[in-house]
Amino acid sequence: MIEDKNQSRTPISELGEFGLIDHLTKHFEVTQKSTIKSIGDDAAVLDFKSKQVVITTDLLVEHVHFDLSYMPLKHLGYKAMIANLSDVYAMNANATQVTIGIAISNRFPLEALEELYAGIETASKIYGVDVVGGDTTSSTTGLIISITAVGEVNKNDVVYRSGAKPNDLLVVTGDLGAAYMGLQILEREKEVFKVNPNNQPDLEPYTYIVERQLKPEARKDIVKLLKDLKVKPTSMIDISDGLSSEIIHLCKQSEVGAVLYENKIPLDPQVISTCEEFNIDSTTIALNGGEDYELLMTISQEDFPKIKGNPNLTVIGYMTEKDQGMHLITRSEALIPLIAKGWNALKDQ
Ligand SMILES: [Mg+2]
C-alpha cells in the first residue's frame, strides 16, 4: 500500500558504526540551554541548575508495536519520539533531550535509517528537544527502537499519578479512540492490498483517524496551557493504553475511586462514523483503544472556573472515596465497573 519510492540501497556496512552515527546525526542542532555537551563524547552532559529532572524510556519492537507494511519509517521515527515526549508532559514537565537506541537487521539499507531519522529530527525540531546521544547496532530479526527522553520541571510543578482526591474533577484533553480506529482502517487496507496490489485505497473519509495513528502529537501545549491558567492538576497520566486503564492507574495510585460519564467522553465525528461502519461500540474503543497520547488529569473543584469552556479540556467525571470503586455511568444511567483491557488485549480478541 505504501510503496518504497526510494530505490537506492546503500548497505550500512559501507559507513561503519561511527560513520553511520555521524551521518545520521549531522543535522541535529542543540537548542536547549541545559545541553552542555551533546553527541561526540562518551556521554552527554546536561545542567538543570535548580530544576528537577524527569527521565523516561520506551522500547518499540517491530511486529509487536508497529508494522512497517503501513507505517512509513519517517512516521515511525516521529511516533516513537511522541510516545516518549508524552510521558514527560504527563509529569507536567518540559521535554529537553532524548537519546536514541536502534537495532536493525541487514534488510534495512542506509536510506531506510535516513527516513527513520528524518522523522526523529522533525519531532525534535517541532517539540524543541535536543538529540544528545544514542547507539546503533545490528539485530538478527527486525527493527528495535529505544528512546530515552529527559525533561525539566520546577520542584513545585511536578504532577504524579498519586495526588487525586475524592471530589476532584476527572479531565481529559482532545478526543479519544481515533488512533485505534485509524489502525483498523490501515489493517483493513493491508488485507485488501494483499488480494489486489493495484487497488488504490480511498482514505479520504478517514484522514483524521489515520493521521492520529500514523502521526500522533504529544500535548506539550497542555503543559503550557495549565501554567497559563494557573491550574496544577492533582494527578496526571498520558493516555497510551486507553482511558479505562489510565483511570484505574490514577485511582490505584491515588487510593480513590472514580465515576466516568459515558456521554461526556469526547469523540471525533470520524470515530463515531467509522465505529458504525465496523459495527463496534465507540465507547468501548475510547475506553480500550490506545495510542491517543492525550493527557488525563484530576483537578480540584476550586479550579473548575479556570478550565470551564476551554475547548482543550473536557470534564468526564469525578473522583470518589476508594470504597465506592471505579464505574462508568452509561447513557441509560446504568452503573458498569471499569476494567483495564488495553489495546493489545483488545487486538487479541
Ligand atoms: Mg505514560
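User: Is Ala95 buried or exposed, going by its C-beta neighbours inside 10 Å?
Analyst: Ala95 has 28 C-beta neighbours inside 10 Å. A residue is buried if 20 or more other C-beta atoms lie within 10 Å of its own, exposed if 12 or fewer, and partly exposed in between, with C-beta atoms placed from the backbone. Ala95 therefore counts as buried.

User: What kind of model is this, and how are residues numbered?
Analyst: Residues are numbered from 1 along each chain as its sequence is written. This is a predicted model, in which local features need pLDDT of at least 70, side-chain atom pairs count only at pLDDT 80 or more, and totals for chains, interfaces and linings use all residues.

User: Which strand holds Ala95, and which residues does Ala95 touch?
Analyst: Helices (H or I, at least four residues) and strands (E, at least two) are DSSP runs, numbered from the N terminus. Ala95 lies in strand 4, residues 94–104. Two residues are in contact if their C-beta atoms, placed from the backbone, lie within 7 Å. Not counting residues up to four places away in sequence, Ala95 touches Leu85, Val88, Tyr89, Tyr127, Val129, Ala149 and Gly151.

User: Which residues have the most contacts inside the largest nonpolar core?
Analyst: A nonpolar core is a set of buried Ala, Val, Leu, Ile, Met, Phe, Trp, Tyr and Cys residues joined through C-beta atoms within 7 Å. The largest one has 88 residues. Those with the most contacts inside it are Met81, Leu85, Tyr89, Ile247 and Leu296.

User: Which helix gives the largest share of this core, and where does the core lie relative to domain 1 and domain 2?
Analyst: The largest share, 10 residues, comes from helix 2. Domain 1 (12–153) and domain 2 (169–347) both give residues to this core, so it lies between them. The domain bounds come from an automatic or database domain assignment.

User: What does helix 5 pack against?
Analyst: Helix 5 covers residues 207–214, and its buried residues are Ile209, Val210, Arg212, Gln213 and Leu214. These buried residues pack against helix 2 (73–89), helix 4 (178–195) and helix 8 (269–278).

User: Why do the UniProt "binding site" positions Tyr117, Gly134, Asp135, Arg161 and Ser240 not all gather at one spot?
Analyst: The feature at Tyr117, Gly134, Asp135, Arg161 and Ser240 comes from an unreviewed UniProt entry. UniProt positions are given in the numbering used here, feature names are shortened, and annotations may be inferred rather than shown by experiment. The positions span 124 residues in sequence, and they do not all gather at one spot because the farthest two C-alpha atoms are 32.3 Å apart.

User: Where is Arg161 found, and is Arg161 buried or exposed?
Analyst: Arg161 is found in the loop between strand 6 (144–153) and strand 7 (169–173). Among its contacts beyond four places in sequence are Ser235 and Ile237. With 20 other C-beta atoms within 10 Å, Arg161 is buried.

User: How does the radius of gyration of the chain stand against the globule rule?
Analyst: The chain has 11 helices and 13 strands. Its radius of gyration, taken over C-alpha atoms, is set against the globule rule of 2.2 Å times the number of residues to the power 0.38. The rule gives 20 Å for 349 residues and the chain is close to that, so it is as compact as a globular protein of that length, with a radius of gyration of 21 Å.
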